[in-house]
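Hi everyone, and thanks for coming. Let me put the structure up on the screen, and then we can walk through it together.

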Amino acid sequence: MIVSIDPQGRIYIPAEVRNKIKSKKFELTVEGDKIILKPIKKKIEKYYGIAKVDKYLTVEEIEEKAKELTIKVVRSEL
């Protein structure tokens, strides 16, 4: 697949690719003469729904639970 850069520096990503990726934000890196786009949404989605808390907690209790779960997840990935 060949794409072009327009005069404003934009690259058109075909619908078939956009529909596969389903992300609107990307991390852009350059390696030598290559441009690499990595979807950001995919990295974040793996954490979606990990915090299961009671719905009647105070804001402070929710923040503390989120802090505990974040530490647990980060430690497991190290």
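Is serine 23 buried or exposed? Serine 23 is buried, because its relative accessible area is 13%, and buried here means under 20%, with exposed being over 50% and partly exposed in between, using a 1.4 Å probe and protein chains only. We'll come back to that residue in a moment.

A word on what you are looking at. This is a predicted model, in which local features need pLDDT of at least 70, side-chain atom pairs count only at pLDDT 80 or more, and totals for chains, interfaces and linings use all residues. Residues are numbered from 1 along each chain as its sequence is written, and side-chain values use heavy atoms, with hydrogens and water left out.

Now the overall layout. The chain has 3 helices and 2 strands, where helices (H or I, at least four residues) and strands (E, at least two) are DSSP runs numbered from the N terminus. Starting at the N terminus, the order is α-β-β-α-α. Of the 78 residues in the chain, 5% are buried. Taking contacts (heavy atoms within 4.5 Å) between residues at least 6 apart in sequence, 9% join residues at least 24 apart. The accessible surface of the chain is about 7,600 Å², and 58% of that belongs to carbon and sulfur atoms; these areas come from the Shrake-Rupley method with a 1.4 Å probe, and for residues only the protein chains shown count as cover.

Back to serine 23, then. Serine 23 sits in the loop between helix H1, residues 15-21, and S1. The serine 23 side chain reaches the backbone oxygen of lysine 25 at 3.0 Å. Lysine 22 belongs to that loop between H1 and S1 too, but lysine 22 is exposed, at 60% relative accessibility. Lysine 22 also has a positive phi, near 55°, in a residue other than glycine.

Follow the chain onward and you reach the strands. S1, residues 26-31, and S2, residues 34-39, run antiparallel and are joined by 6 bridges; for two strands to count as paired, DSSP must find at least two bridges between them. Leucine 28 has leucine 37 in S2 as its bridge partner, and valine 30 stands opposite isoleucine 35 in S2. The hairpin has 2 residues between the strands, and glycine 32 takes a positive phi near 65° there.

Which residues make the nonpolar surface patch? Phe26, Leu28, Val30, Ile35 and Leu37 make it, over about 470 Å². Patches are built from residues with over 30% relative accessible area and no salt bridge, joining like charges within 9 Å and nonpolar side chains (Val, Leu, Ile, Met, Phe, Trp, Tyr) within 5 Å. S1 and S2 each supply at least two residues of the patch, and S1 gives the most, with 3. Leucine 28, in strand S1, is exposed, with a relative accessible area of 55%.

Next comes isoleucine 40, in helix H2, residues 40-45. Isoleucine 40 is partly exposed, with a relative accessible area of 30%. What does isoleucine 40 touch, not counting residues up to four places away in sequence? Isoleucine 40 touches Ser23, Lys25, Phe26 and Glu27, so our buried serine turns up again. Isoleucine 40 and phenylalanine 26 are 14 residues apart in sequence, and their C-alpha atoms are 5.1 Å apart in space.

Last stop: charges. The structure holds 1 salt bridge, meaning a side-chain nitrogen of Lys or Arg within 4 Å of a carboxyl oxygen of Asp or Glu. Aspartate 6 and arginine 10 form it, with their closest N and O atoms 2.8 Å apart. Aspartate 6 is partly exposed, at 25% relative accessibility, whereas arginine 10 is exposed, at 53%.

Notes. Polar contact = N/O pair within 3.5 Å; in protein donor to acceptor, adjacent residues only side chain to side chain.
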